[in-house]
Amino acid sequence: MFVGAGLLVGVAAGPAQAAGVSYATRCVPPAASGLDPVEGTTEVQITAPATAAVGDEVEVVWKFTQAASKNPDLIDLPADSVQPSGTLKATGAQTADLAMRGPRENPAIPKGGAMVLSDMKGTLKLTAPGTVTLTPDAYSINAFSTDTKCAPTETVKPAATIEVTGSSTSPSPTPTPTSTTTPSTTPSGTATTQPSGSATASPSDSGGQTDFTGKEVSVAYACKTPIGDKNATSPVQIDARKNGESFDLTVRFKKSVMDSPADIPANSVKPSMEVVLGGADKGTVHVEGPANAQPIKSGDPIEVPDLTGTYKPGASGESTLAPGVLTVTALGTTTTCTPATSQVSLTLDTTRQEGGASGGGGSSATSGGTSSGSTSTSGGLAETGSDSHGALRALGLVAGTVILLGGAVFTFLPRRHPH
């Protein structure tokens with residue numbers, strides 16, 4: 001972690017001085033992360049004016065020259081994703097807790113790499129003559145909407161002093177805020193549960209119908225990561241287009257628009273799903289979406305793209321399709337989220353094809369077309385297939401899901417998809 005140079009405000013202030021100090025520190029990750037506290041040594045440099053006058057507002061800078069801990073060996077932290085804040089104690093001629101904060105600016109930090117933090121700054125208005133002593137205290141490291149709290153485990157030595165003389169001859173500048181509150185990112189809501197049932201699409205009933213629109217169903221996902229279990233609910237719809245005796249499927253997360261809590265590089269987020277078959281047919285159909293083509297800025301919306309694949313029936317009769325296990329790879333890690341219950345979105349009249357899905361083997365994934373068509377009556381429930389899916393690992397990404405990266409938690413906010 002790094003520090004910067006100090007500036008002062010006010011004609012009476014003298015030249016800046018810098019002094020360093022080190023102290024034993026205990027850093028505690030967020031409780032939800034499940035990570036153990038880290039014991040280490042923090043080294044900082046405090047820069048402040050050597051002399052100033054009563055009434056002056058002086059700027060103090062806190063530079064980290066060594067962090068108490070490294071980035072956990074779980075995931076790379078992208079550039080500009082980490083922000084420090086802390087408290088500097090003023091004692092002596094006056095007593096105050098000076099709030100310090102740095103910008104969210106950092107180079108990319110690899111797994112296990114040394115933490116690199118921006119310089120923290122704060123403004124202190126001098127109120128009494130004498131010696132003001134400045135001592136660094138506790139600080140926080142914010143990454144993806146959660147804080148790792150670091151505090152001294154020993155008495156910290158003073159890092160700098162300011163000799164304050166009588167009143168300043170120049171008017172005092174307008175005070176500037178010394179602290180801000182980092183807005184927490186919390187889910188803005190969950191999807192509204194849709195009526196039970198599914199859309200039934202039968203070519204024999206529709207005079208050669210080729211496009212079939214499924215019912216939007218509210219799917220409750222259970223997502224597991226190495227550092228905690230998370231739940232999310234998202235409305236999902238499965239549509240189909242008849243292609244010979246097979247069907248091109250499109251799975252839509254219709255309200256899954258999410259706000260990114262950090263900059264995300266292009267081609268780093270890619271979703272897929274195993275659509276669960278029921279009724280006459282058995283097994284799963286793999287569908288997947290494209291990776292994000294453009295970088296996503298912090299605060300910009302993230303949408304789960306349409307997932308497409310081809311369903312080759314393995315049985316003749318009335319077959320149901322339900323959203324199944326969702327998998328998302330992001331920033332080199334993978335998560336899988338399993339539906340708590342089966343929610344059939346679409347029922348199709350199918351004709352068995354050689355090498356089709358029946359028996360649980362699943363269908364291979366290919367790109368499928370999308371189209372909307374008529375909506376018809378409800379059908380039966382499909383099997384969940386949840387027992388056939390093993391370990392659920394790292395980084396979740398679905399509306400309302402919490403993403404955990406080491407000690408950091410991403411919370412995405414669901415919004416309505418514009419259509």
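The protein chain exposes about 17,400 Å², of which carbon and sulfur atoms supply 51%; accessible areas come from the Shrake-Rupley method with a 1.4 Å probe. The model is predicted: local features need pLDDT of at least 70, side-chain atom pairs count only at pLDDT 80 or more, and totals for chains, interfaces and linings use all residues. Residues are numbered from 1 along each chain as its sequence is written, and side-chain values use heavy atoms, with hydrogens and water left out.

The pLDDT, the predictor's confidence in each residue from 0 to 100, averages 73 over the protein chain, and 66% of the residues score at least 70. Over residues 360–419 the pLDDT is below 50.

The secondary structure comprises zero helices and 27 strands, strands being DSSP runs (E) of at least two residues and helices runs (H or I) of at least four. Of the 419 residues, 51% are buried, that is, under 20% relative accessible area with a 1.4 Å probe.

Five aromatic pairs are found in the whole structure. Rings of Phe, Tyr and Trp (its six-membered ring) pair if their centres lie within 6.5 Å; planes under 30 degrees apart are stacked, over 60 edge-to-face and the rest tilted. Two of the pairs are tabulated here.

| Pair | Centres | Planes | Type |
|---|---|---|---|
| Trp62 and Phe64 | 5.5 Å | 40 degrees | tilted |
| Phe64 and Tyr139 | 5.0 Å | 65 degrees | edge-to-face |

Trp62, Phe64 and Tyr139 form one aromatic cluster. Phe64 lies in strand 5 (residues 57–66) and Tyr139 in strand 9 (residues 130–143), so their pair ties together parts 75 residues apart in sequence. Phe64 is buried at 0% relative accessibility, and Tyr139 is buried at 2%.

Conventions. Contact = heavy atoms within 4.5 Å. Buried < 20%, exposed > 50% of the residue type's maximum accessible area, 1.4 Å probe, protein only.
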